[in-house]
Amino acid sequence: MKFSKKTAFAALVVGAALALSGCNSGLGTTNGSGGGGEGDGEMTIALIAKGYQHQFWQAVKKGAEQRAEELGVKITFDAPATETEVDKQLSIFQDAINAKPAAIGFAALDSKACIPLVEDATSKDIPVVYFDAPCDSDKGLSLAATDNKVAGALAAEHMAELIGGSGEVAVIGHQQTAGTGADRRDGFVDKIEADYPDITIVDIQYGDGDQLKSADIAKALITAHPDLKGIYGTNEGSAIGVVNAANELGLENGALTIVGFDSGKAQIDAINGGLEAGAITQDPIGIGETVVQAAYDAAKGKKVEKFYDTGSHWYDKSNIDDPEIAAVLYQ
């Protein structure tokens, strides 16, 4: 799977990105903090996530902590408060470079804005590996993530089955600038268009993964399209927003087919209660474990794979308690 492409940018963009600096957000430093893989003789790996507003990232952090403990390394795990703060994430990235860790793991909010920083890090002999969503720089050595196009297609298959193969549906995406948002959207759309000619996607809108914004979008879609049969939300916040909209509008179970992504207590409760039909789950703990392993191997000069597919699964009320599914869900 190709996860990056060479992209040219104006010198102004490069200069601005490299000039970004500021204090770390302090949202989650684990197993120590500060610089370098050298110095005190203990390797430090800096991980930079997209945000802290969803339980998904807490699960990624848990997996990262587990693997770091197994390997005997220190990690820092930092992120902006929300997944809309691109500039803040770039500032955190610059701080990580300045701290000179042994390696950096990065999940891109904006796949283009990060390019100068990835190239700056690698020019300083700090290997960069990606997790969840890559930067569009081929200087990154590896990606640990869900194959999000496959996952989006899986969501489309279940949506189609649930609505009987025909009717109107809509998509509420979490982002256009991050690869995960685009791939989950495209996987869904491409599958519907290729295999389900009697299903019409009436609209695609973006709620930035914010529950309140996604709920407002969902209510507007339901009002504008009275024959709407289903809405697909491409991440935890998007899906919970649709669930909340259905509750606020007083919709009965089954009146709108809601297909989500990720897990979290609110989605699990909605699925068990019958308001949400089901969702696609990733393996966030596995993503955290894999990116730390890849960063460790890269820092040691070992070969890493270009892409580690950590998998995706459909779950609904019928299989939510199966051991295989329960192992990749988080509250």
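Reader: In which sense do β7 and strand β9 pair, and over how many bridges?
Author: This is a predicted model. In it, β7 and β9 (residues 228-233) pair in the parallel sense, over five bridges.

Reader: Which residue in β9 is the bridge partner of V169?
Author: G230 in β9 is the partner of V169.

Reader: What about β7 and β8, how many bridges there?
Author: Seven bridges join β7 to β8 (residues 199-206), and the two strands run parallel.

Reader: How does the chain cross from β7 to β8?
Author: Through helix α6, residues 179-195. This β-α-β crossover is right-handed.

Reader: How many of the residues of β7 are buried?
Author: Five of seven. So strand β7, residues 167-173, is mostly covered, as under 20% relative accessible area counts as buried.

Reader: New topic. How far apart are the end C-alpha atoms of α5?
Author: They are 21 Å apart. Helix α5 (residues 148-162) has 15 residues, and at 1.5 Å a residue it should span 21 Å, so the two values agree.

Reader: Which residues in α5 are buried?
Author: Among them are N148, A151, A155, H158 and M159. G152, A153, A156 and A160 in α5 are buried too.

Reader: And what follows α5?
Author: G164 does, and its phi is positive, near 80°.

Reader: Which residues touch the most other members in the largest nonpolar core?
Author: I45, L47, W57, I75, F131, V291 and V292. That core has 30 residues.

Reader: Which elements give two or more residues to this core?
Author: Strands β2 (44-48), β3 (74-78) and β5 (128-131), plus helices α2 (55-71) and α10 (284-299). The largest share, seven residues, comes from α10.

Reader: What other core lies apart from it?
Author: One of 25 residues, including V86, I92, V118 and C135.

Reader: Zoom out. How many helices and strands are in the chain?
Author: The protein chain has 11 helices and 13 strands. Of its 331 residues, 56% count as buried.

Reader: What is the mean pLDDT?
Author: It is 89 for the protein chain, and 88% of the residues reach 70 or more. Over residues 1-35, though, the pLDDT is below 50. Beyond near neighbours in sequence, that stretch has 86 contacts in the model.

Terms used. Residues numbered from 1 in each chain as written. Predicted model: local features only at pLDDT ≥ 70, side-chain atom pairs only at ≥ 80, totals over all residues. Heavy atoms only, no water. pLDDT = per-residue confidence, 0-100. Contact = heavy atoms within 4.5 Å. Core = buried A, V, L, I, M, F, W, Y, C linked by side-chain atoms within 4.5 Å. Buried < 20%, exposed > 50% of the residue type's maximum accessible area, 1.4 Å probe, protein only. Helix = DSSP H or I, 4+ residues; strand = E, 2+ residues; numbered from the N terminus. Pairing = 2+ DSSP bridges. Right-handed = clockwise from strand over helix to strand, strands pointing away. Expected span 1.5 Å × (residues − 1).
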